[in-house]
Amino acid sequence: MTRRYWNINLEEMMEARVHLGHNIKQWNPKMAPYILANRKDKHIINLIKTARFLSEACDLIFDAASRGNQILIVGTKKEVADLVARAAIKARCHYVNKKWLGGMLTNWSTTKKGLHKFRDLKIKQKMSRLEQLKKRDVTRLKRQLAHLQAYLGGIKYMTRLPDIVIILDQHQEYIALLECITLGIPTICLIDTNCDPEPVDLPIPANDDTRSSIRLILNKLVFAICEGRSSEKRKTYNEKINIEKLRPIGFEPMPKV
């Protein structure tokens, strides 16, 4: 795995409230290794460990992105739905920021049918074919389209199961996490002091309730993905240039039969 410097600053994380955990009565004892202290009946997360795990996560997804792997970001809390969509679009990832539909990954054949129907309805809408139907049918299909847009819009270009899934809240997205575990899909997950780090492949101890904390973590991960995508482009370009250099002058490729 490539080791890179991701400029993870402890003061920046403090300002974003990444270190603030839950009330001590709500803690999960398995989070003890990631907790630094108690302050006013709240656990304080050890940001040095957060920085280390976040750096490892950035390394992982940089390498994944540089290989052209598909990455899915899952965060369905209303407070961060817009952050998830913007981050995923910027990094050219798939995302789910509304309700997670049970079986979205484990029942992939059904999800593919839904995606096919969604794309078909979008094409008909663009070509004004819906308006040619009866008013009652138009209303029904538009309602279906709105539903599909809400729940499948972020994965409309996903043609296969993702290679890595980033989860922003373990409790909120536990069904998504279980589906990844069932399918053996590697997961990166924010874990607050009330979470269980054991089911996650790469946990990032952090406040998963505060918008500023989630934004900071997402920004670091998205930057790593974008760097990986750029690395993939440079690699492809260099390979193409090298092939051109090796090709003899006057060489013409064999025509396809």
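How many bridges join strand E4 (residues 71-74) to strand E5 (residues 94-96), and do the two run parallel or antiparallel? There are 3 bridges between E4 and E5, and the two strands run parallel; strands are taken to pair if DSSP finds at least two bridges between them.

The model shown is predicted, so local features need pLDDT of at least 70 and side-chain atom pairs count only at pLDDT 80 or more, while totals for chains, interfaces and linings use all residues. Residues are numbered from 1 along each chain as its sequence is written, and side-chain values use heavy atoms, with hydrogens and water left out.

**View 1. The protein as a whole.** The protein has 7 helices and 8 strands, where helices (H or I, at least four residues) and strands (E, at least two) are DSSP runs numbered from the N terminus. Of its 257 residues, 46% count as buried, a term that means under 20% relative accessible area, with exposed being over 50% and partly exposed in between (1.4 Å probe, protein chains only).

**View 2. Strand E4 and its neighbours.** Ile71 and Ile73 point one way from E4, whereas Leu72 and Val74 point the other way, and all are buried. In a regular strand the side chains alternate between the two faces of the sheet. With strand E6 (residues 164-167), which runs parallel to it, E4 is joined by 4 bridges. Leu72 has Val165 as its bridge partner in E6, and in E5 Leu72 stands opposite His94.

**View 3. The crossover from E4 to E5.** E4, helix H3 (residues 81-91) and E5 make a right-handed β-α-β unit, right-handed here meaning that, with the strands pointing away from the viewer, the path from the first strand over the helix to the second runs clockwise.

**View 4. Lys220 in helix H7.** Lys220 lies in helix H7 (residues 211-246) and counts as buried because its relative accessible area is 13%. Not counting residues up to four places away in sequence, Lys220 touches Trp6, Asn7, Glu12, Leu54 and Cys58, a contact being heavy atoms within 4.5 Å.

**View 5. Tyr174 in helix H6.** Tyr174 is found in helix H6 (residues 174-183), and this residue is partly exposed because its relative accessible area is 37%.
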